Amino acid sequence: MIGRDILGIEDLSRDEIELILETAERMQEIGTREVKKVPTLRGRTLINLFFEPSTRTQTSFEIAGKRLAADVVNFSVGSSSVTKRETLLDTAKTLDAMDPDCVIVRHKVAGVPHRLAAVLGAPVINAGDGAHEHPSQALLDLLTVKEQKGRIEGLTVTIIGDIAHSRVARSNIYGFSKLGAEVRVAGPPTMLPVGIESLGVKRYTNLREAIEGADVVMALRIQMERLEGACFPSVREYAATFGLDRAKLRFAKEDAIVMHPGPVNRGVELSHELADHRPSVILDQVRNGVALRMALLYLVAGRGRKAGEAESRAARAAGEA
Ligand code: NCD
């Protein structure tokens, strides 16, 4: 996967996903050492290019890079020339001219990482583009389920909430389906995209039916920043109908686990109690995020910038300009 862009789970094969998960399992051990560093990416430069806020994703890409001994640059949009109206492509090409070995991009507009991947010499990892995909989140979710359940094939995974505006939902639908799980989505009809069944999922507007017999129940944050109009009458009504608490969880399998990508709206998607206690595995997801991102960085940037690739991308960029 050297030099490869990681833009979405839709583009990855089952074998590639399994390779990433197995690599991440090997990386987990490094995080348990007293000195949590290996020289694998020494001399390589990674740029975190986040145009949208982030706690978990940006920090864990940074820690992942540093555990592999790479130099990690956190590009801070607020104090950059983006505030002087430099275009996205000019910003990206400027950073690319400094020869990074990997660029990690988050942007509120779907497709931005794909656009940048077409012009940058370094491989691009999508760290979340609008409501489209968030591949590293889905991969760390797969890693966490594999760790907790020992397998993914044959499990029933219920994803609850704002499916329409959630990039985490889309990436997880592709990921869990490709690895052989049954995926169900549940939420108010206004939050379930028309035709979502074409992705191979079952669609529910009744939470109890959606959770019945599930091995994994994943609650999603309501994407207030992406909602154009009201999708439900009130937050309180949403919490009463779709907010997950112990009483509703009774319908799932007895050993079901609860997941949430964070940040959690406490008392809305998840009760305070569930947010903090088993069977929720939210902090395991966060911990696994570091190992998973180490695996991604190792797999795509492990041998450095490919000269040929950089040149051909630069030529493409010149052609487009
Ligand atoms: C998610 C995101 O930004 O897409 N957060 C994350 O990366 N863990 C989920 C969200 O914001 O709801």
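**Location of P263 and the basis of the model**

In which loop is the place of P263? P263 is found in the loop between strand 9 (257-259) and helix 10 (272-276); helices (H or I, at least four residues) and strands (E, at least two) are DSSP runs, numbered from the N terminus.

The model is predicted, so that local features need pLDDT of at least 70 and side-chain atom pairs count only at pLDDT 80 or more, while totals for chains, interfaces and linings use all residues. Residues are numbered from 1 along each chain as its sequence is written, and side-chain values use heavy atoms, with hydrogens and water left out.

**Backbone geometry in loops**

Most residues other than glycine have a negative phi, and most peptide bonds are trans. The peptide bond from G262 to P263 is cis, with omega near -5°.

A69 is not a glycine, yet its phi is positive, at about 70°. This residue belongs to the loop between helix 2 (56-67) and strand 2 (71-76).

**Ligand surroundings**

The residues around the ligand (a heavy atom within 4 Å) are R56, T57, R106, H134, Q137, R167, V168, R221, Q223, P261, G262 and P263.

A polar side-chain atom of R167 lies 2.7 Å from a ligand oxygen atom, and for R221 the distance to an oxygen atom of the ligand is 2.7 Å. For R106, an N or O atom of the side chain is 3.1 Å from a ligand oxygen. The protein covers 94% of the 320 Å² of accessible area that the ligand has on its own (Shrake-Rupley method, 1.4 Å probe).

**Packing against helix 11**

Helix 5 (residues 135-149) packs with helix 11 (residues 282-301) at an angle of about 115°, their axes 8 Å apart. Axes are lines fitted to C-alpha atoms over the stretch in contact, and angles run from 0 to 180 degrees between N-to-C directions. The crossing is right-handed, that is, the near helix is turned clockwise from the far one by less than a right angle. Contact (heavy atoms within 4.5 Å) involves residues including L140, L143 and T144 of helix 5 and N288, L292 and R293 of helix 11. The contact comprises five nonpolar, seven polar and four charged residues; Ala, Val, Leu, Ile, Met, Phe, Trp, Tyr, Cys and Pro count as nonpolar, Asp, Glu, Lys and Arg as charged, and the others, Gly among them, as polar.

Helix 1 (residues 14-28) packs with helix 11 at about 120°, with axes 8 Å apart, and this crossing is right-handed. Among the contact residues are L21, A24 and M27 of helix 1 and N288, L292 and A295 of helix 11. By class, this contact has 12 nonpolar, three polar and no charged residues.

Terms used. Polar contact = N/O pair within 3.5 Å; in protein donor to acceptor, adjacent residues only side chain to side chain.
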